[in-house]
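Morning, everyone. Let me put the model up on the screen, and then I'll walk you through it.

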Protein chains: 2
Amino acid sequence: MKIGTLSARTGVPARMLRYYEDQGLLAPQRSGNGYRAFAEDDVDRVTMVRDLIRSGLPTRLIRIVLEMENPVASGWTERCTRDFAEVLAGELEALDARIACLTRSRDTVRDYLSHTEHAALLSGSAGR
Amino acid sequence: MKIGTLSARTGVPARMLRYYEDQGLLAPQRSGNGYRAFAEDDVDRVTMVRDLIRSGLPTRLIRIVLEMENPVASGWTERCTRDFAEVLAGELEALDARIACLTRSRDTVRDYLSHTEHAALLSGSAGR
DNA sequence: CTTGACCTTCACACTGATGTCAGACTTTAC
DNA sequence: GTAAAGTCTGACATCAGTGTGAAGGTCAAG
């Protein structure tokens, strides 16, 4: 699919899709005319990237996470140096901290909202 | 406590503590000499703010979340307009998306790490 | 064949979170 | 009392993520 279609389907501006490619988060084919040709899977990939960026992960890290999703294909697992593993472990702790903090904030917002007269706006995500 | 102490205890640079104050996330007293005098509670508050910022929440939103933590004191609950409640509900969904996405990424990293020879680096946060 | 919609690359501007430095004042230590 | 360390304000720089627009190529509809 072309960039406009992917943009429409994900809500992510075409500008950003090019940026993601530039950062090595997407690697669309190119059709003869030079247009980017995205795969169906890129829809999910793009929304994931967008959410991760919104969550404060730098593209540098997102690239790593994406590559880790099929470690075999990218020839990982083998050469994972001690240093790199330590970096990862550090990032892992940071991730946990963020998740905890975001969860707490979400609960705060939800609790607040549920105490107002607009509690009806609470959609799903009810109980955790 | 003075800014240097708070900085040391939270790991947040003094520069950022001043920035937080500027953004209305902290409101330290001032002692006679003009120095900021932070309260003990600010230690937790600051680490929370730092984590939320790292999680991509703009200070504008963090201010709201903080105020929501004691809605009565800030005289909320009463005048929570429909429009504002809708904004909140939207942010709530965005929060859920981020939490889901971060959780998934954390699991990816952890699974990966646990398959390497450096699995020992995995500290707590084990099961969930 | 022309028009309009969509694509390409490139560049500049903006914003929010940070780092850093300068100049002035306060406090602490010797 | 003097020197060092800490604090104040304020300005400027940087970096990542985004928005926006220019100049030109591609393609489908009329």
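I'll take the pairing of the chains, then one serine, then the DNA.

Ground rules. This is a predicted model, where local features need pLDDT of at least 70, side-chain atom pairs count only at pLDDT 80 or more, and totals for chains, interfaces and linings use all residues. Residues are numbered from 1 along each chain as its sequence is written, chains are lettered from A and ligands numbered from 1 in the order written, and side-chain values use heavy atoms, with hydrogens and water left out.

The pair. Contact means heavy atoms within 4.5 Å. Chain B gives 45 residues and chain A gives 45.

How much area is buried between them? About 4,400 Å², with 72% from carbon and sulfur atoms. That is the accessible area (1.4 Å probe) that the two parts lose on being put together, summed over both. In chain B, the most area is lost by B:Leu92, B:Leu102 and B:Tyr112, together 16% of what that side buries.

Now B:Ser55. This serine sits in the loop between helix 3 (42-54) and helix 4 (59-69) of chain B. Helices are DSSP runs of H or I, at least four residues, numbered from the N terminus. Buried or exposed? B:Ser55 is buried, at 0% relative accessible area; buried means under 20% (1.4 Å probe, protein chains only). Its contacts, leaving out residues up to four places away in sequence, include A:Ser55, A:Leu102 and B:Arg98. A polar atom of its side chain is 2.8 Å from the backbone oxygen of B:Asp51.

Last, DNA strand C. It is surrounded by 18 residues, the closest being A:Gly4, A:Arg36, B:Arg15, B:Met16 and B:Tyr19. Near means a heavy atom within 4 Å. Polar side-chain atoms reach phosphate oxygens from A:Arg36 at 2.6 Å and from B:Tyr19 at 2.3 Å. At B:Thr59, a polar backbone atom is 3.2 Å from a phosphate oxygen. Helix 2 of chain B gives the largest share of this surface, 3 residues.

How values were computed. Polar contact = N/O pair within 3.5 Å; in protein donor to acceptor, adjacent residues only side chain to side chain. Helix = DSSP H or I, 4+ residues; strand = E, 2+ residues; numbered from the N terminus. Buried < 20%, exposed > 50% of the residue type's maximum accessible area, 1.4 Å probe, protein only.
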